[in-house]
There are 2 protein chains.
Amino acid sequence: MRATDIRNGETAAAVGALATPALLLDKDRLHRNLDRLSSRMAARGVVLRPHMKTAKSIDVAQCAYPSGPGPITVSTLAEAEYFAQHGFRDMTYAVGLAPHTAERAMRLRKAGVDLKVLLDSPEQAAMLGAAGRTAGVTPSAFIEIDCDGHRGGLTAEDSKLIAVAAAVADAGADLVGILTHAGESYGLCAPETLVAAAENERAVAVAAAERLRAAGHECPVISVGSTPTAHFAEDLTGVTEMRAGVYMFFDLVMHGVGVCTTDDIAVSVLATVIGTKPERGSILVDAGWMALSRDRGTAAQRVDQGYGLVCDVAGKIYPDLIVSQASQEHGILAIRPGSAHALPNLPIGAKVRILPNHACATASQHELYNVVSAGSDVIEARWPRMRGW
Amino acid sequence: MRATDIRNGETAAAVGALATPALLLDKDRLHRNLDRLSSRMAARGVVLRPHMKTAKSIDVAQCAYPSGPGPITVSTLAEAEYFAQHGFRDMTYAVGLAPHTAERAMRLRKAGVDLKVLLDSPEQAAMLGAAGRTAGVTPSAFIEIDCDGHRGGLTAEDSKLIAVAAAVADAGADLVGILTHAGESYGLCAPETLVAAAENERAVAVAAAERLRAAGHECPVISVGSTPTAHFAEDLTGVTEMRAGVYMFFDLVMHGVGVCTTDDIAVSVLATVIGTKPERGSILVDAGWMALSRDRGTAAQRVDQGYGLVCDVAGKIYPDLIVSQASQEHGILAIRPGSAHALPNLPIGAKVRILPNHACATASQHELYNVVSAGSDVIEARWPRMRGW
């Protein structure tokens, strides 16, 4: 019932009238964030391939591509199928391949979706070849490169790199290029280290591609990306494509990294005060980890934001008021330790907005976005999110 | 498509054939866990009011009540509405009241659901009275008592206690009793401290009720509960009702507390190996925090289980193999630091089962339970979960 778009005649609701907890999306901030990175990449002649794992919403994708579908990245095949249903055709599935995903991905390819997959072993290349033959399509694959020891992929110098490329060719698949992700950049905060992480990501990717090219593999695409390195990269020579996801919404972790201000954070959780304990310096709200997620990504940063930073209903931050603890449906608001600020006087029934640590995790706890404009309390639309695998 | 029950003629799938990540529910363990606490409470003459916030499934509720609906606890009004649609009538909404929830709760009451609500202030009592008058029903409320400083509620000695009861009466509502939750028990692990926490929960609840009774308020129900204290309580004199939720499934946090063995944990996440890095001692699987949740509840316990403990596809634990790191759709398996065990040889495509830190959080990341029996790899049913607020 709540998952409807209210643009078509239905009376618009006010933010203050929403049942809580509820996810709000400030579309002015969203558009500003989208424009910031797309302008940056356009100026460098690099294709931006937004990662839809954060938003998981066709409406958000249409904000990124107002003139029609463009290249996207997905984190699950359910996302690929969802965006394909909405007309997207150029996708990269940026999670390593398994037998069942190879088959499902090739069915999408058979249906006309240019879905590129990711692998880093000859075994996966063989699985992909078999799935391609079954579906009657020519697969298209990236080799995953590990630029910072973060997760998957081969290093640029790995002795297996050329063998994997050969296995892709032997499997009858096209090697579209190499793909890497500077995931370790999320742990940084000094601009010079972020610039260095971006340069490392670029240099490793280019080195891997040059090794492949020297071995006779064409390797046309060099795909890199993470929200921090996308914004801090000074030189993208050789890079053809940038991937990023959380840049659309930003969050407190990205604020701690130094990629955005709190005024750029486009998503927040609306909550209602359900208890007050001024004698203990705490206020109880109806947003716990079910609404905020269990993400504590700022715990390792210079400023620990608890489970989120608290704003008034219009979005103005209460200085040093954070969600200090969370249980399933309860959040406890308290002033950050060491702060001289006083607990605001918020009676039962008062509404607050909570900026999340990690937009990907918080948004995934909700079925839809309640879309608002800056400075307005009207819910202009409700945009559903997809989920699952 | 996956949210169907496969009991009615559809061919049963095998665990190994499931698309991953997927949530598995071992119904033999579920029934054993349900029986354990219901027998314990029946022997003590205490009503068990299971908290449905963990399972959020009518099929699981029907396992708890095979002969028809009984008393339940809910954490959201969406849960209350869902279980009401499935015939449940006796419910306690165990989250503090706000104006919008008071109205919605009274609409349910008007529809014939004996929904009891929770409050700890005269303001909430007044809101409840207004909502009751609007709906044309007599509200029924618990006063929340704080037994251990965990979250909400008044202490048993709070000078406001009698005033809140008077406000409930003035609002034209029935005071059904007092309710408390020993939430701090989740942080314990020594049996004697758990017994003491249960006794404290009981004693505080009884003391609060006695104060109310001495002031002329009948206060028939004394409702206590948390999974640890429900299992460790030695004396429940005066208590009329026990609430618990995670006991149905158990999890690694409850194992760390000492309430269950790993063989009692009824839910697990099936995952597929998508990369191997034996030279680094790690294995990559397709279950990240989206499938496991960001819950790190064991981090504060004696044994840190990372994001989960890894078993083979039949459920046998790989000694000391944990999910050491998680990103959105990637989990990294590694042997626990300091262990002498070797990394198992798991090729790409191999399946594993991951026991979760926190069943409430992990299950909430999934749309349905794939139901299995111990020792069988047949998916016997698919039970949908409800979500939202």
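Visitor: Which residue in E10(B) is the bridge partner of Arg49(B)?
Guide: In E10(B), Arg49(B) has Arg243(B) as its bridge partner. Keep in mind that this is a predicted model.

Visitor: Which strand pairs with E10(B) over four bridges, and in what sense?
Guide: That is strand E3 of chain B, residues 47-50, and the pairing is parallel.

Visitor: And which strand pairs with E10(B) over two bridges?
Guide: Strand E9 of chain B, residues 221-224, pairs with E10(B), again in the parallel sense. There, Ser223(B) is bridged to Glu241(B) of E10(B).

Visitor: What sort of unit do E9(B), helix H8 and E10(B) make?
Guide: Together they make a β-α-β unit that is right-handed, with helix H8 of chain B spanning residues 227-232.

Visitor: Which way do the residues of strand E10 of chain B point?
Guide: Glu241(B) and Arg243(B) point one way, while Met242(B) and Ala244(B) point the other way.

Visitor: Let's move on to Val259(B). Where is its place in chain B?
Guide: Val259(B) sits in the loop between helix H9 (252-257) and strand E11 (267-277) of chain B.

Visitor: Is Val259(B) buried or exposed, and why?
Guide: Val259(B) is buried, because 26 other C-beta atoms lie within 10 Å, and the cut-off for buried is 20 or more.

Visitor: Which residues is Val259(B) in contact with, leaving aside neighbours within four places in sequence?
Guide: Those are Thr227(B), Pro228(B), His231(B) and Met254(B).

Visitor: How far is Val259(B) from Glu234(B)?
Guide: Their C-alpha atoms are separated by 14 Å, and the two residues are 25 apart along the chain.

Visitor: New topic: how many residues does each chain bring to the contact?
Guide: Chain A brings 42 residues and chain B brings 41. On the chain A side, E10(A) gives the largest share, three residues. That side divides into 16 nonpolar, 17 polar and nine charged residues.

Visitor: What about chain A as a whole, how many helices and strands are there?
Guide: Chain A has 11 helices and 17 strands. Its C-alpha atoms fill a box of roughly 70 × 50 × 35 Å along the principal axes.

Terms used:
Residues numbered from 1 in each chain as written. Chains lettered and ligands numbered in written order. Predicted model: local features only at pLDDT ≥ 70, side-chain atom pairs only at ≥ 80, totals over all residues. Contact = placed C-beta atoms within 7 Å. Nonpolar A, V, L, I, M, F, W, Y, C, P; charged D, E, K, R; others polar. Buried ≥ 20, exposed ≤ 12 C-beta atoms within 10 Å, placed from the backbone. Pairing = 2+ DSSP bridges. Right-handed = clockwise from strand over helix to strand, strands pointing away.
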